[in-house]
Amino acid sequence: SCARLGAAGGILSATERCRQGCCREYAPAALIHSEMKVLCAGLSKTGTSSVTQALKELGINVLHFEEYFGTTSGMRFDDSSKKVTLDLRPFFEDLVHGRLQDPDFESSLASVEGGLSDIPAAYYFEEIAAAFPECKIILTQRKEQEWYASMRNHVQEVERLRWLSWLVPEARKGFAFFDREHSLVYGGLHYQCDNYNMLAKYRQHNARVKATISKDRLLVWNVGDGWEPICTFLGKPVPEVDFPHANSKEDLRQGGSSASRLETASRRQGIQGTNGKWSQKA
């Protein structure tokens with residue numbers, strides 16, 4: 001990692017590191033200026049993938065978690081629709097782990113031309129909204145118990161791949177991030193997925209978005225609302241196609257889940273299993 005200390009021994013901000021050219025991961029964002037158009041501030045499993053696809057259909061290149069951060073394990077998908085197209089992982093890793101004393105969201109995210117969706121970006125909606133005052137905010141929601149059931153399944157799906165962290169250093173780093181992120185957003189470690197506390201955090205997040213973002217900048221979109229509210233909010237014509245439904249139960253059965261793709265990626269990187277015993281090929 002790059003040095004974070006200035007001449008006087010103080011910690012450099014992300015912007016200062018960019019200007020001095022000492023931090024490779026932040027330099028591109030410092031040199032490219034754009035205005036983020038949309039931030040999807042809903043938590044995971046609230047239709048974020050579907051809304052992201054819908055916004056792309058409207059011509060707004062919003063990037064979902066896997067497109068700006070990567071997989072939990074740090075492995076990259078071969079599926080072209082899931083490749084990292086803008087690598088914001090270094091910034092969000094530093095942010096979530098508390099390594100940035102005074103994070104500069106404007107400079108660090110200046111290369112985002114369309115928008116971002118899902119956590120970790122959604123968790124920092126207030127800072128991003130302040131850094132990009134023209135950015136519209138879409139809060140995706142779904143019925144509480146449906147959200148919890150989906151989130152619990154997602155957690156269990158990812159947890160069954162924690163063995164990767166025993167074999168692959170990058171996976172160990174990825175799961176450490178995931179645990180820290182889950183603690184920040186949901187108030188507990190990743191495997192601690194209890195109904196009461198997670199629903200409390202879900203309600204708190206949604207309430208904070210509604211209380212913080214002005215009504216002219218905010219759309220509250222519920223799963224099932226379809227095209228019309230989004231198109232009206234963004235001043236776009238309604239497309240003559242069905243609203244996308246990503247990460248449906250059928251998608252998961254077809255191997256479309258993040259864990260399924262992650263497991264496929266691990267096999268392609270030489271990690272194989274036989275009769276339940278996993279090892280990494282030399």
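How many helices and strands are there in the chain? The chain has 14 helices and seven strands, assigned as DSSP runs (H or I, at least four residues, for helices; E, at least two, for strands) and numbered from the N terminus. This is a predicted model, in which local features need pLDDT of at least 70 and side-chain atom pairs count only at pLDDT 80 or more, while totals for chains, interfaces and linings use all residues. Residues are numbered from 1 along each chain as its sequence is written, and side-chain values use heavy atoms, with hydrogens and water left out.

Of the 282 residues of the chain, 52% count as buried, that is, under 20% relative accessible area with a 1.4 Å probe, protein chains only.

Ser 108 belongs to helix H6 (residues 105-108) and is buried, with a relative accessible area of 2%.

Helix H8 (residues 144-159) and helix H11 (residues 195-212) have axes that come within 10 Å and cross at roughly 115°; the axes are lines fitted to C-alpha atoms over the stretch in contact, with angles from 0 to 180 degrees between N-to-C directions. The contact (heavy atoms within 4.5 Å) is made by Glu 144, Gln 145, Trp 147, Tyr 148 and Met 151 of H8 with Asn 195, Met 198, Leu 199, Tyr 202 and Arg 203 of H11.

Note on methods:
Buried < 20%, exposed > 50% of the residue type's maximum accessible area, 1.4 Å probe, protein only.
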